[in-house]
Amino acid sequence: MSAEQPMTADLFEVDKRLSLKPVVDFNSYLRNAFGDGACSCYRCVEGAGDESNYSHRHTFELEGRTLNRRFANTAGSDVLQYLKKAWLSYTKTDMQLLGELDLDTVKGFTDPALHLRLLALLPASGLAREVDGRWQLQAQAD
Ligand SMILES: [Zn+2]
């Protein structure tokens with residue numbers, strides 16, 4: 001028995017929650033929520049990419065690249081499904097579905113490489129919006 005074993009076990013304890021399936025699923029969902037290049041939907045093509053009158057963004061400059069949000073699976077309700085499952089398995093508590101979103105907790109189980117995507121997707125999906133530095137959850141239709 002090595003004296004170092006308990007400490008090693010503790011370190012794994014911290015990491016273990018990040019390998020829970022719903023947490024892994026949430027991170028891969030974020031990774032796949034964007035496609036390469038500018039949005040090519042009818043509205044964007046017609047408007048030559050002018051998003052000044054859009055309520056939700058279609059095209060993003062992230063990580064030094066131009067990306068578009070994949071509409072098919074990034075409605076606010078889609079994001080919420082993944083987010084609340086990851087939240088539950090990571091924190092062992094149910095996520096509050098209205099009011100303020102504790103972004104620090106969400107970032108705790110989001111790969112740091114994906115934080116920019118998280119911050120882009122929350123408002124673009126309509127799930128949450130930032131008001132005076134706080135993130136407020138928006139009621140979802142379904
Ligand atoms: Zn578009």
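Guide: Two strands pair if DSSP finds at least two bridges between them. Helices (H or I, at least four residues) and strands (E, at least two) are DSSP runs, numbered from the N terminus. This is a predicted model, where local features need pLDDT of at least 70, side-chain atom pairs count only at pLDDT 80 or more, and totals for chains, interfaces and linings use all residues. Residues are numbered from 1 along each chain as its sequence is written.

Visitor: How many bridges join β2 to β3?

Guide: In general, strands of a sheet pair through backbone hydrogen bonds, either parallel or antiparallel. Here β2 and β3 (residues 65-69) run antiparallel, joined by four bridges. Leu62 has Arg65 in β3 as its bridge partner.

Visitor: What is the order of the strands in the open sheet?

Guide: The order is β1-β3-β2, with antiparallel pairing. β1 (34-36) and β2 (59-62) are the edge strands, each pairing on one side only.

Visitor: Now to helix α2. Which of its residues are buried?

Guide: A residue is buried if 20 or more other C-beta atoms lie within 10 Å of its own, exposed if 12 or fewer, and partly exposed in between, with C-beta atoms placed from the backbone. In α2, Val23, Phe26, Asn27, Tyr29 and Leu30 are buried. Viewed down the helix axis, these residues fall within an arc of 155 degrees (taken from the directions from the axis to the C-beta atoms), so they line one face of α2.

Visitor: Which exposed residues does the face turned away from that buried side carry?

Guide: That face of α2 carries Lys21, Arg31 and Asn32.
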